[in-house]
Amino acid sequence: MRRLQQSLRRHSAGRCPFILIPHRLLATSYATYKLTPQAALGIENTGSSAVLPKASPIQAPPRATPDDSAIKAHFDLPHSIFGDMVGVRSGHVKGLFLYDPLTEADSLRRLTDRTLIQASAIVQRIVVAPQDPTGRELRLVVKNLDRLSDILCGVIDMCELVRNVHPHQDWVNQSDRTHQILCSFMNELNATRGLYESLAKAIAHPFNNPLTTSELRVAHTFLADFERSGIHLPPSVRERYVKHSDALLSLGRSFLSSASSGPSTVPHIEIPDPHRLLMGLGRQFVDSLPRKGRNGQAVIEPGSWEAQMILRYAREGRARELVYIGGMSADKTRINVLEAMLKERAELASVLGKNNWAEVALADKMTKTPENVMGFLTSLAQHHQPVARAEVDMLRRMKATVLTGNYYDLRNPRTRHLPPFYAWDKDYYSDKYLASLIPTGSPPSISPYFSTGTVMSGLSRIFSKLYGISFKPAVVSSGEVWHPSVRRLDVVHEEEGLIGVIYCDFFSRIGKASGAAHYTVRCSRRVDDDDIDGDGLPEDWDKPYGPGLETDGESLPGKPGKYQLPIIALSMDVGTVNEGRPALLNWHQLETLFHEMGHAIHSMIGRTEYHNVSGTRCATDFVELPSILMEHFISSPEVLSTFAFHYATGEPLPIPIIEAHLALNQSLSALETHGQIAMALLDQKYHTLRHGQDVFDSTAIWFQLQQEIGVIQPVPGTAWQTQFGHLYGYGATYYSYLFDRAIAGKMWSTLFHRPGASQAYGQKAEGILSREGGELLKEKVLKWGGGRDPWEMVGDVIGGVEGEELSKGDERALALVGSWTVV
């Protein structure tokens with residue numbers, strides 16, 4: 001049942017959260033799309049492709065289709081027009097997510113009770129399944145476990161979304177309560193040996209109607225999750241497992257709390273003669289700093305805004321050195337907590353019969369073993385180190401130019417007589433190098449070409465060309481969403497019709513959490529063959545509680561039965577919409593939105609028979625692949641040129657500006673990537689610690705690693721590792737993002753961006769956004785979710801001899817991926 005717990009995590013490189021809601025309550029049908037976009041939005045039909053009010057200066061781009069204009073209006077118009085929210089269907093107030101009982105927060109109490117009763121009945125059914133002499137109940141164990149997973153995740157993950165995004169405290173409080181109660185129930189299931197034994201018997205039983213490949217994949221996933229929880233251990237050993245798990249949870253929380261708070265704020269950093277050492281920051285800044293005595297040393301708090309400014313802008317290296325070392329100083333208390341956490345994990349692995357924690361964490365990943373991960377990362381480091389070192393040498397020439405006043409050609413390969421380059425030089429000279437690439441001092445702003453509506457209509461166009469999938473703005477019912485600014489998009493396939501729903505919570509509001517998150521509100525699952533009567537609950541048992549989150553399902557072309565359709569929620573903060581001024585995205589927000597949409601489209605296409613392998617429910621080191629692949633599309637000038645139009649004038653973003661901005665964005669990328677490789681290697685080295693190992697010095701390991709593969713020498717007396725918070729959440733899987741970046745880059749060049757073409761930009765864009773490439777990706781990767789071996793999927797896409805090698809998923813396959821460039 002650990003699989004259920006994994007689904008609750010916020011979006012990370014490891015796994016995306018999952019939240020479910022009932023599709024049978026959705027009011028919009030495919031017939032709605034026969035209306036004009038203007039009518040569907042309740043906006044005046046002007047008779048042209050633009051659907052904005054006549055007084056608005058916002059313009060639709062040239063050659064915009066009615067659907068493009070409708071999507072643009074859906075996101076670029078103000079939250080309120082003429083006193084009503086854009087696209088709201090008036091009438092009877094619906095419940096949250098169109099779930100009728102959820103019209104108030106207290107209704108979550110009834111839903112919680114109902115879920116506990118139903119889930120308990122399914123648990124009991126699974127436990128006694130081996131007693132059925134016909135074998136029918138045993139044959140249904142995998143299906144019923146998957147249904148149990150769906151029922152619990154449907155409520156828990158809905159509450160996870162609500163408590164993170166709902167603006168009303170009563171909803172947040174009730175969601176927290178439900179979340180805690182049902183998570184506690186799931187923890188009990190992790191210790192329910194009867195579930196594990198029934199599953200093991202179902203896998204081993206010689207049924208006349210054998211378990212399908214998909215069922216076996218789901219079954220073995222559940223089995224591995226149970227065993228990772230120590231359920232197969234003898235009682236005395238199981239007690240040890242629980243003891244160490246509890247200790248690890250406490251240590252992990254302590255480590256994560258200190259790591260997320262930044263460096264230790266004491267002791268303070270003291271800078272002597274501040275007016276001399278802090279030249280370049282301005283007298284007003286220096287005078288504002290607290291002093292030790294009237295004219296004494298300036299006092300800086302490690303990790304503060306002032307410390308960051310000094311690292312970036314202080315001309316004197318000594319000032320930057322003092323701030324760098326002060327922000328990375330070795331805090332013995334934090335080091336002890338980190339090392340205790342890592343030792344606890346090592347002992348827990350020993351209890352589970354493994355040599356180290358990495359073996360536990362990687363058993364169900366593509367890489368399988370820590371040796372394979374180390375081979376991949378070592379190969380990657382060897383390929384990237386020369387490029388990263390070349391970028392450091394370029395910064396050394398920049399430093400020589402600044403220090404001597406003599407110009408050093410940044411492209412000159414000679415490094416003799418160049419000054420040494422220190423860790424505290426990186427931010428300062430990186431900024432100077434980037435500034436040197438912009439003769440005017442600052443690049444032209446690109447945000448006016450990327451209004452939220454422009455980008456969303458661009459994404460719809462991209463998906464339409466690749467997969468035959470597009471977005472349709474949908475009118476929401478009163479009470480359906482948690483805030484008036486939330487927009488709904490129906491996802492429609494050109495032949496299959498409605499295939500899912502996306503709720504977009506993009507705009508600013510007071511109290512809204514920062515950052516971006518992708519929530520799979522409901523996974524796909526076949527529902528018409530659910531044997532609900534076999535649960536043994538009496539008729540009308542749920543009358544006191546009301547309906548649950550079940551759905552009758554929809555028929556899908558080419559698939560037997562009926563399926564619940566996926567529903568996604570995306571949360572970002574891109575600003576606010578005003579009359580004539582939409583919310584404009586900067587480059588980081590643009591990349592983030594494309595990345596999150598990669599997850600969303602994976603859920604839409606990966607409509608599998610089983611909830612537990614649907615969409616983004618796949619291996620941790622595979623789940624980021626579709627989203628990283630989407631980042632390649634946004635980094636393509638050809639693709640950007642198809643939708644980047646000025647929100648007010650409709651003029652296209654000039655190609656030279658696109659190219660200049662992309663070049664600037666990709667500058668010093670090898671240095672950044674090499675830093676990520678070093679962090680992933682450190683994660684592996686820490687988590688291959690064996691229980692009982694006499695000497696373990698986390699600082700010495702980090703120092704030695706930097707000496708071995710780093711391109712900037714380590715600084716004695718520092719202990720950055722205590723600020724590496726991902727050591728807790730990722731635990732031996734931090735390599736995943738680099739791994740998927742390497743695969744995504746190879747898939748991009750294989751399917752979409754074939755080298756050698758020299759057509760005009762429009763023709764290149766058509767080649768990149770080809771249905772052929774999209775169909776191959778959909779059929780070989782996306783439609784399977786987690787229901788197929790990821791190595792086989794990657795091998796199928798790459799093809800040829802190399803593809804055959806990859807399909808094996810062995811050390812040779814890992815070495816191949818490690819030889820690919822991470823971009």
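1. Basis. This is a predicted model, in which local features need pLDDT of at least 70, side-chain atom pairs count only at pLDDT 80 or more, and totals for chains, interfaces and linings use all residues. Residues are numbered from 1 along each chain as its sequence is written, and side-chain values use heavy atoms, with hydrogens and water left out.

2. Overall confidence. Mean pLDDT (the predictor's confidence in each residue, from 0 to 100) is 86 for the protein. A value of 70 or more is reached by 89% of the residues.

3. Over residues 1-60 the pLDDT is below 50. That stretch still has 203 contacts (heavy atoms within 4.5 Å) beyond near neighbours in sequence. Residues 80-85 also stay under 50, with seven contacts beyond four places in sequence. Where pLDDT is low, the predicted coordinates should not be read in detail.

4. Helices (H or I, at least four residues) and strands (E, at least two) are DSSP runs, numbered from the N terminus. Helix 2 (residues 37-41) has the lowest mean pLDDT, 30. Helix 5 (residues 136-139) has the highest, 98.

5. Five strands form an open sheet in the order 6-8-9-14-10, with mixed pairing. Strands pair if DSSP finds at least two bridges between them. Strand 6 (469-474) and strand 10 (517-522) each have a single partner strand, so one side of each lacks a neighbour in the sheet.

6. Strands 6 and 8. Strand 6 runs antiparallel to strand 8 (residues 487-493), joined by six bridges. Ser470 stands opposite Val492 in strand 8.
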